[in-house]
Amino acid sequence: MQAKCEDGKITLPHGRSYRLLNVEHTGTMSLERLRHLRELVHDGAALLGEPPLSTPGLFERESADAALKEIVSELWGEAGELERPVGKGRVFRGMSANAALERLHILPDFQSQPRLSWIHRQDHASDSNRDIYFIASDSSTSQRYNCQFRIAGKVATLWNPLTAQ
C-alpha cells in the first residue's frame, strides 16, 4: 500500500486524497496491511471498519495471529467503542460512513431537496482544479431542486450531458 497521511487526509500516489478510509474485509487481514493501517492512523488518518479476527494462511499462523491481536487491541481497543482516538487519528466501527464523516465534522459534498443521485470528481489534470458534479434525477417531469455543494469561491455552471451545452 502506497498511501500516506498528510494533514489528516489519506493521500494516494496519484494525488487523490480522502478524509476517511473505509476498510472492509472477510474477517482476515495480512499483518502488512494492518501495520500500514496502524501507521496511517497514528499519522492522523480516520479509519472506519470492524477489526479483523485472524491473518490469512497457515505460515507462522500462531505468531502472526498474536501480532494481529496486539495491533487490533491498539487500534480498536477492548471495550468495543464506536469511536477511539489513536495517535493523531481516529478509529470508528459499528456505524455508516456518513455517521463517521459527521463525527469528523465533514459536511456532505452535495445535498438536495428533493433527493438527487450524484457523483463528484475533482479534475486534477488541468490547471483549473475543477470540481465536477454529475447530478441526475429519476423524475420524468421538470422539477425545482434546492442544491447545496461543499465548495467555496467557485461559480457553478450547468451543462447538459446530451448536448454538451
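Mentor: Gladly. Buried means under 20% relative accessible area, and exposed means over 50%, with partly exposed in between. Keep in mind that this is a predicted model.

Trainee: Why is Arg-93 called buried?

Mentor: Arg-93 has a relative accessibility of 18%. The cut-off is under 20%, so Arg-93 counts as buried.

Trainee: And what makes Glu-50 partly exposed?

Mentor: Its relative accessibility is 37%. That falls between the 20% and 50% limits, so Glu-50 counts as partly exposed.

Trainee: How do you know that Arg-93 forms a salt bridge with Glu-50?

Mentor: The closest N and O atoms of Arg-93 and Glu-50 are 3.0 Å apart. A salt bridge needs a side-chain nitrogen of Lys or Arg within 4 Å of a carboxyl oxygen of Asp or Glu, so the pair qualifies. Arg-93 sits in the loop between strand 7 and helix 3 and Glu-50 in the loop between strand 5 and helix 2, so the bridge ties together parts that are 43 residues apart in sequence.

Trainee: Why do the buried residues of helix 2 line one face?

Mentor: Those buried residues are Ala-64, Asp-65, Leu-68, Ile-71, Val-72, Leu-75 and Trp-76. Viewed down the axis of helix 2, they fall within an arc of 125°, so they line one face. They pack against helix 1, strand 5, strand 6 and strand 7. The face turned away from the buried side carries the exposed residues Glu-62 and Glu-70.

Note on methods:
Residues are numbered from 1 along each chain as its sequence is written. This is a predicted model: local features need pLDDT of at least 70, side-chain atom pairs count only at pLDDT 80 or more; totals for chains, interfaces and linings use all residues. Side-chain values use heavy atoms; hydrogens and water are left out. Buried means under 20% relative accessible area, exposed over 50%, partly exposed in between (1.4 Å probe, protein chains only). Helices (H or I, at least four residues) and strands (E, at least two) are DSSP runs, numbered from the N terminus. The arc is that of the directions from the helix axis to the C-beta atoms. Contact means heavy atoms within 4.5 Å.
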